[in-house]
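Reader: I would like to go through this structure feature by feature. Please give the general idea each time, then the case at hand.

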Amino acid sequence: MIGEKIKNRIKKWRATLIITPCVAGIVIVGSNIGLVRILEWVTLDQLFRLRPQESVDKRIVIVTIDEPDIQYVKQWPMADRVMAKMIRNIKAQQPRAIAIDIYRDLPVEPGHAELVKEFQNTPNFIGIEKVAAKPIAPPPTLAKQGQVAANDLLLDTDGKIRRGIILLGKPDQSLAQGLGVKLALMYLEKAGIELKAINADKQIYGLGKAKFVPLSSNDGEYNEADMGGYQILINYRGGLESFLHISMTDVLENRIPADFMRDRLVLIGAKAPSLNDNYSTPYNNNLFFPTELIPGVVVHANITSQILSAAIDGRPMLQATIKPFNWLLICFWSGYSATVGSMYIKKRRLTIGGLFLAVVIIVSSAYIAFLGGWIIPVFAPILTVVSATIVTIVHVLWRNLMLSYRKLEDYAHNLEIKVQERTAELAEANEEICILNEKLKEDNLRMSAELDILRQMQQMILPKPEELEAIEGLDIAGFMEAADEVGGDYYDVLYTDGIVTLGIGDVTGHGLESGLLMLMTQTAVRLLKEIRESDSVRFLDTLNRTLYKNVQRMNCDKSLTLVILNYTQGQISISGQHEETIIVRDGGEIERIDTMDLGFPIALDDDIADFISPTTLELQPGDGVVLYTDGITEAKDINKNQYGIEQLCEIISQNWHQSASEIKDAVISDVRRHIGKQKVFDDITLLVFKRQQ
């Protein structure tokens with residue numbers, strides 16, 4: 001009797017018992033091979049941004065080196081004499097320790113002997129060396145005195161810094177302390193706080209109120225390939241604003257406030273973009289606005305602050321839960337979701353409410369755990385909840401469909417009743433088909449009207465002739481004509497703060513999605529110009545990230561080629577990948593610029609910064625630029641022959657003595673002549689830009 005009850009219960013929950021391990025197993029395997037690690041890291045980055053702002057750590061002072069500071073010292077690397085003067089001015093404030101995050105393996109005259117003397121007379125001064133990859137030697141004098149630390153930084157596969165170095169092995173089998181660690185230990189030594197072994201075999205150590213547990217390949221989203229040295233997760237306090245800071249120029253001119261550095265740790269490092277020592281961190285994952293990269297010296301300051309705050313104030317260190325624990329979470333949520341999904345037919349609200357409750361619990365528990373110093377997975381459990389619920393609901397619906405089918409088979413015993421029922425069903429189906437046909441007609445009319453509206457919107461946002469005429473010293477004319485469907489071509493001319501920006505692009509394909517992407521491109525370009533984004537790399541990278549995420553949300557595979565030109569005072573900068581840019585000199589001489597190496601297609605990948613390489617050239621009076629889309633060069637005649645870039649350049653050269661509008665009309669007229677009566681299969685867009693004499 002009891003055995004029969006057990007069998008019935010197993011039969012009732014058989015689907016749940018099968019779905020639970022299957023979904024959990026798939027998610028666990030995907031997590032182990034790294035399919036969700038990027039998404040888990042993105043979720044972690046949002047927790048950093050949502051966490052309450054922490055107070056400024058007044059134990060640390062950062063001396064920043066920005067572009068004005070480089071101009072002030074008039075050379076880079078700075079002369080040894082300048083560095084010696086900076087150290088003397090800082091020493092006068094009696095800091096607890098000084099560290100400079102600048103490589104100094106070679107002398108930079110004048111003043112090398114003077115700098116060596118300062119190194120010898122400053123026992124609390126720390127220099128740096130690079131240990132991993134391509135090593136860079138430390139200053140020889142500081143190396144002999146044992147006053148050196150490693151400034152190596154660890155990048156995750158998405159290019160962000162989330163881990164910090166405690167110890168790093170060197171080729172000579174010795175160990176190098178990380179810069180942030182060495183400074184923290186020097187600070188704590190004066191307070192009588194020393195490192196103590198808790199479990200030497202597992203490399204677990206205590207430091208005041210802090211407990212150090214090394215990151216391992218069994219933790220979180222990391223694996224064996226990520227390991228090396230003694231690593232910890234960085235519990236960031238914040239950016240430069242989270243620390244006391246002062247410019248190098250103020251230090252050199254001795255404009256340091258009284259006791260500003262007394263008994264504090266002083267870090268000196270580069271902030272200037274030209275020195276390429278800025279990095280992406282969890283704070284650079286803003287979904288709506290571009291954020292500045294964080295200088296490497298600030299990353300080291302965060303590691304130092306993390307250790308000091310943990311040892312003295314009891315601030316939590318940051319640890320990731322081990323993989324077996326994460327697997328248990330996935331198994332639990334798989335079983336939970338399969339259970340609530342099985343109730344979909346009888347208790348649909350309970351299923352939907354249970355799904356929503358699970359997501360809320362996962363997110364809120366992850367946030368609370370993060371505040372306590374623990375990182376638990378978020379995306380994998382949510383993926384498990386959604387997947388298990390969907391699979392279970394599909395199974396329930398299929399099972400009910402099969403039950404319904406069996407009932408229909410029972411009706412076959414009575415042929416007359418079955419025929420009547422089938423006839424009634426067909427009549428009902430025919431009525432539904434008629435209704436659907438009428439609805440389809442209405443939908444087609446509505447879609448046609450929407451496409452017409454979108455086509456009109458595309459034309460409305462094109463630059464007006466009076467806007468182009470208002471730009472002094474330039475003669476500009478543009479033309480865009482879409483094919484039969486809504487086109488994806490884009491061009492615009494914007495004038496902001498004396499800079500004329502010209503853009504032209506071509507979205508893949510036609511139709512509603514292409515038109516929408518064209519409108520989004522125009523809006524994003526104008527927004528970036530309105531916020532005065534002048535750096536070509538950041539401009540195109542930000543534009544790409546914005547459009548890429550929208551394309552992902554649209555669940556389509558659209559992308560576009562795009563070139564951006566910035567003109568001011570006779571100089572023009574070209575960036576982005578598109579068709580060739582035609583430079584026309586006064587007199588009609590043609591130069592063709594291949595943009596293949598100047599950028600990367602937009603919205604095809606989430607990060608294209610490394611592919612952007614702008615080029616700059618001069619435009620004399622009478623010179624100009626012609627931009628076009630492939631709707632011109634690939635236009636075909638009746639024999640399928642393309643119009644071609646050579647024919648386009650010839651017409652432009654022949655008519656260059658005329659106005660921009662006349663040049664534009666000559667090109668369009670010649671293209672129409674070539675096409676003849678053939679159907680236009682692609683959008684035709686042309687932009688002529690000419691510097692007046």
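Author: Buried means under 20% relative accessible area, exposed means over 50%, and partly exposed lies in between, with a 1.4 Å probe and protein chains only. Strands (E, at least two residues) and helices (H or I, at least four) are DSSP runs, numbered from the N terminus. This is a predicted model, in which local features need pLDDT of at least 70 and side-chain atom pairs count only at pLDDT 80 or more, while totals for chains, interfaces and linings use all residues. Residues are numbered from 1 along each chain as its sequence is written, and side-chain values use heavy atoms, with hydrogens and water left out.

Reader: How many residues of E12 (residues 265-270) are buried?

Author: The count is 6 of its 6 residues, so by the definition each has under 20% relative accessible area.

Reader: Which strands pair with E12, and in which sense?

Author: Two strands pair if DSSP finds at least two bridges between them. Strand E1 (residues 57-65) runs parallel to E12 and is joined to it by 6 bridges. Within E12, Gly269 stands opposite Thr64. Strand E2 (residues 97-100) also pairs with E12 in the parallel sense, over 4 bridges. There, Val266 in E12 is the bridge partner of Ile98.

**Salt bridges**

Reader: How should I read a salt bridge, and how many salt bridges are there?

Author: Side chains of opposite charge can pair when their charged atoms come close. The rule asks for a side-chain nitrogen of Lys or Arg within 4 Å of a carboxyl oxygen of Asp or Glu. By this rule the structure has 33 salt bridges. One of them joins Arg96 and Asp263, with the closest N and O atoms 2.6 Å apart. Arg96 lies in the loop between helix H5 (80-91) and E2, and Asp263 in the loop between helix H9 (248-252) and E12, so the pair ties together parts that are 167 residues apart in sequence.

Reader: Is Arg96 buried or exposed, and what of Asp263?

Author: Arg96 counts as buried, because its relative accessibility is 15%. Asp263 counts as partly exposed, at 28%.

Reader: Which other salt bridges link distant parts of the chain?

Author: Among them is the pair of Arg672 and Glu481, whose closest N and O atoms are 2.9 Å apart. Arg672 is in helix H20 (residues 660-675) and Glu481 in strand E17 (residues 474-481), 191 residues apart. Arg672 is partly exposed at 40% relative accessibility, and Glu481 is partly exposed at 27%. Another joins Asp607 to Arg545, the closest N and O atoms being 3.4 Å apart. Asp607 sits in the loop between strand E23 (590-593) and strand E24 (615-618), and Arg545 in helix H17 (residues 536-554), 62 residues apart.

Reader: Which residues are linked in a network of salt bridges?

Author: The network consists of Arg51, Glu54, Asp57, Arg59, Arg237, Asp313 and Arg315.

**Aromatic rings**

Reader: How is a ring pair read, and how many aromatic pairs does the structure hold?

Author: A pair of aromatic rings is described by the distance of the centres and the angle of the planes. Rings of Phe, Tyr and Trp (its six-membered ring) pair if their centres lie within 6.5 Å; planes under 30 degrees apart count as stacked, over 60 as edge-to-face and the rest as tilted. The structure holds 12 aromatic pairs. In one of them, Phe48 and Phe370 are edge-to-face, at 4.9 Å centre to centre and 80° between the planes. Phe48 lies in helix H3 (residues 37-50) and Phe370 in helix H12 (residues 348-371), so the pair ties together parts 322 residues apart in sequence. Both Phe48 and Phe370 are buried. Ring pairs also link Phe48 and Phe370 with Tyr236 and Tyr283 into a cluster.

Reader: Where does a charged end sit over a ring?

Author: The test is NZ of Lys or CZ of Arg within 6 Å of the ring centre and within 35 degrees of the ring normal. The charged end of Arg96 sits over the ring of Tyr187, 3.9 Å from its centre. For Lys690 over the ring of Trp656, the distance to the centre is 4.9 Å.
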